Amino acid sequence: QVQLVESGGGLVQNGESLRLSCAASGSRYSINVMGWYRQAPGKQRELVARISRTGNTAYADSVKGRFTISRDNAKNTVYLQMNSLKPEDTAVYYCSSGFTADPVYWGQGTQVTVSS
(Lines give C-alpha, C1' and ligand atoms only; values in the text may rest on other atoms or scores of the structure.)
Protein backbone atom coordinates (compact mmCIF):
# COMPACT_ATOMS: atom_id res chain seq x y z
CA GLN A 1 0.00 0.00 0.00
CA VAL A 2 1.31 3.39 -1.02
CA GLN A 3 -0.09 6.73 0.06
CA LEU A 4 0.89 9.91 -1.74
CA VAL A 5 0.37 13.34 -0.25
CA GLU A 6 0.89 16.46 -2.35
CA SER A 7 1.51 19.94 -1.07
CA GLY A 8 2.63 23.31 -2.36
CA GLY A 9 -0.20 24.29 -4.64
CA GLY A 10 -1.72 27.72 -4.58
CA LEU A 11 -2.57 30.87 -6.45
CA VAL A 12 0.15 32.80 -8.25
CA GLN A 13 0.38 35.40 -10.95
CA ASN A 14 1.62 34.88 -14.47
CA GLY A 15 5.39 34.44 -14.46
CA GLU A 16 5.72 33.43 -10.83
CA SER A 17 6.91 30.14 -9.40
CA LEU A 18 5.67 27.32 -7.20
CA ARG A 19 7.26 24.19 -5.86
CA LEU A 20 5.13 21.11 -5.37
CA SER A 21 6.13 18.22 -3.18
CA CYS A 22 4.79 14.72 -2.78
CA ALA A 23 5.68 12.31 -0.02
CA ALA A 24 5.10 8.60 -0.49
CA SER A 25 4.61 6.27 2.43
CA GLY A 26 3.36 2.83 3.29
CA SER A 27 5.20 0.80 0.70
CA ARG A 28 7.52 -2.07 1.44
CA TYR A 29 8.79 -2.04 -2.11
CA SER A 30 10.96 0.29 -4.12
CA ILE A 31 9.13 2.97 -6.05
CA ASN A 32 10.86 3.05 -9.40
CA VAL A 33 9.06 5.95 -11.00
CA MET A 34 7.44 9.03 -9.54
CA GLY A 35 5.78 11.75 -11.48
CA TRP A 36 3.29 14.52 -11.83
CA TYR A 37 0.15 14.69 -13.90
CA ARG A 38 -2.31 17.52 -14.18
CA GLN A 39 -5.93 17.90 -15.12
CA ALA A 40 -7.77 21.08 -15.93
CA PRO A 41 -11.57 21.28 -15.85
CA GLY A 42 -13.02 19.73 -18.97
CA LYS A 43 -9.68 18.34 -20.08
CA GLN A 44 -8.00 14.97 -19.89
CA ARG A 45 -5.31 14.24 -17.36
CA GLU A 46 -1.89 14.68 -18.89
CA LEU A 47 1.65 13.83 -17.94
CA VAL A 48 3.67 16.79 -16.73
CA ALA A 49 6.91 15.10 -15.73
CA ARG A 50 8.26 11.85 -14.37
CA ILE A 51 11.51 10.67 -12.88
CA SER A 52 13.01 7.26 -12.34
CA ARG A 53 14.90 6.15 -9.26
CA THR A 54 18.14 6.67 -11.13
CA GLY A 55 17.24 10.20 -12.16
CA ASN A 56 16.06 9.74 -15.72
CA THR A 57 13.44 12.37 -16.47
CA ALA A 58 10.75 13.03 -19.01
CA TYR A 59 8.72 16.20 -19.50
CA ALA A 60 5.72 17.27 -21.44
CA ASP A 61 6.69 19.59 -24.28
CA SER A 62 4.53 22.30 -22.79
CA VAL A 63 6.63 22.52 -19.62
CA LYS A 64 10.14 21.82 -20.90
CA GLY A 65 12.54 24.51 -19.82
CA ARG A 66 10.16 25.80 -17.16
CA PHE A 67 9.52 22.86 -14.84
CA THR A 68 12.05 20.65 -13.10
CA ILE A 69 11.27 17.34 -11.44
CA SER A 70 13.50 15.89 -8.75
CA ARG A 71 13.32 13.27 -6.03
CA ASP A 72 14.80 12.32 -2.72
CA ASN A 73 14.91 8.54 -2.68
CA ALA A 74 15.67 8.35 1.03
CA LYS A 75 12.47 10.26 1.76
CA ASN A 76 10.44 8.77 -1.08
CA THR A 77 9.58 12.32 -2.01
CA VAL A 78 9.25 13.90 -5.42
CA TYR A 79 9.29 17.61 -6.18
CA LEU A 80 8.16 19.74 -9.06
CA GLN A 81 9.71 23.17 -9.38
CA MET A 82 7.47 25.24 -11.61
CA ASN A 83 8.91 28.47 -12.95
CA SER A 84 7.52 31.00 -15.39
CA LEU A 85 4.01 29.79 -14.72
CA LYS A 86 1.35 30.61 -17.27
CA PRO A 87 -2.43 30.67 -17.01
CA GLU A 88 -2.55 27.52 -19.12
CA ASP A 89 -0.72 25.72 -16.33
CA THR A 90 -3.80 26.08 -14.14
CA ALA A 91 -4.95 22.60 -13.14
CA VAL A 92 -5.13 20.10 -10.35
CA TYR A 93 -1.73 18.49 -10.10
CA TYR A 94 -1.53 14.85 -9.08
CA CYS A 95 1.45 13.00 -7.76
CA SER A 96 1.91 9.49 -9.08
CA SER A 97 4.14 6.53 -8.48
CA GLY A 98 4.69 3.06 -9.77
CA PHE A 99 7.16 0.42 -10.72
CA THR A 100 7.26 1.38 -14.37
CA ALA A 101 6.42 4.56 -16.26
CA ASP A 102 2.75 3.59 -15.97
CA PRO A 103 1.39 5.02 -12.70
CA VAL A 104 -0.15 2.71 -10.13
CA TYR A 105 -0.71 5.04 -7.18
CA TRP A 106 -2.13 8.54 -7.07
CA GLY A 107 -2.29 11.38 -4.62
CA GLN A 108 -5.38 13.42 -3.90
CA GLY A 109 -4.25 16.35 -6.01
CA THR A 110 -3.29 19.93 -5.28
CA GLN A 111 -4.71 22.96 -7.05
CA VAL A 112 -2.43 25.27 -8.97
CA THR A 113 -4.01 28.45 -10.26
CA VAL A 114 -2.13 30.99 -12.35
CA SER A 115 -3.83 34.31 -12.88
CA SER A 116 -3.13 36.75 -15.67
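Reply: Gladly! Let's start with a definition: a disulfide is a pair of cysteine sulfur atoms within 2.5 Å. Please keep in mind that this is a predicted model.

Me: What makes cysteine 22 and cysteine 95 a disulfide?

Reply: Their sulfur atoms are 2.0 Å apart, and the cut-off is 2.5 Å, so the pair counts as a disulfide. The structure holds 1 disulfide. With -85° about the S-S bond, the link of cysteine 22 and cysteine 95 is left-handed.

Me: Which parts does the pair tie together?

Reply: Cysteine 22 belongs to strand E3 and cysteine 95 to strand E9 (residues 91–98), so the link joins parts that are 73 residues apart in sequence. Both cysteines are buried, and that word stands for a relative accessible area under 20%.

Me: How do you know that strand E3 and strand E8 pair?

Reply: Two strands pair if there are at least two bridges between them. E3 (residues 18–25) and E8 (residues 77–82) have 6 bridges, so they meet that condition, in the antiparallel sense. One example is arginine 19, whose bridge partner in E8 is glutamine 81.

Me: And what makes E7 and E8 a pair?

Reply: Here, too, the count is 6 bridges, in the antiparallel sense. Glutamine 81 turns up again, as the bridge partner of threonine 68. E7 and E8 form a hairpin with 4 residues between them, and asparagine 76 in the turn has a positive phi of about 50°.

Me: Why are strand E1 and strand E7 said to stand at the edges?

Reply: The open sheet of 4 strands runs in the order E1-E3-E8-E7, with antiparallel pairing. E1 (3–7) and E7 (67–72) each have a single partner strand, so one side of each lacks a neighbour in the sheet. On average, neighbouring strands of this sheet are turned by 15° against each other, direction ignored.

Me: Why is E4 called largely enclosed?

Reply: Of its 7 residues, 6 are buried, so the rest of the structure largely encloses E4. E8 is mostly covered as well, with 5 of its 6 residues buried.

Me: Which strands pair with E4?

Reply: E5 is one of them, antiparallel over 6 bridges, with isoleucine 51 as the bridge partner of methionine 34. The hairpin of E4 and E5 has 6 residues between the strands, and glycine 42 there takes a positive phi near 80°. E9 also pairs with E4 in the antiparallel sense, over 7 bridges.

Me: Why is glycine 55 called partly exposed?

Reply: Its relative accessible area is 39%. Buried would need under 20% and exposed over 50%, so glycine 55 falls in between. You will find this glycine in the loop between strand E5 (46–52) and strand E6 (57–59).

Me: What makes a group of residues a nonpolar core?

Reply: The members are buried nonpolar residues joined through side-chain atoms within 4.5 Å. The largest such core has 27 residues, and those with the most contacts inside it include Trp36, Val48 and Phe67. Among the elements that give two or more residues to this core are E4 (33–39) and E11 (110–115), while E3 gives the most, with 4 residues.

Key
Residues numbered from 1 in each chain as written. Predicted model: local features only at pLDDT ≥ 70, side-chain atom pairs only at ≥ 80, totals over all residues. Heavy atoms only, no water. Axes fitted to C-alpha atoms, helices over the stretch in contact; angles between N-to-C directions. Buried < 20%, exposed > 50% of the residue type's maximum accessible area, 1.4 Å probe, protein only.
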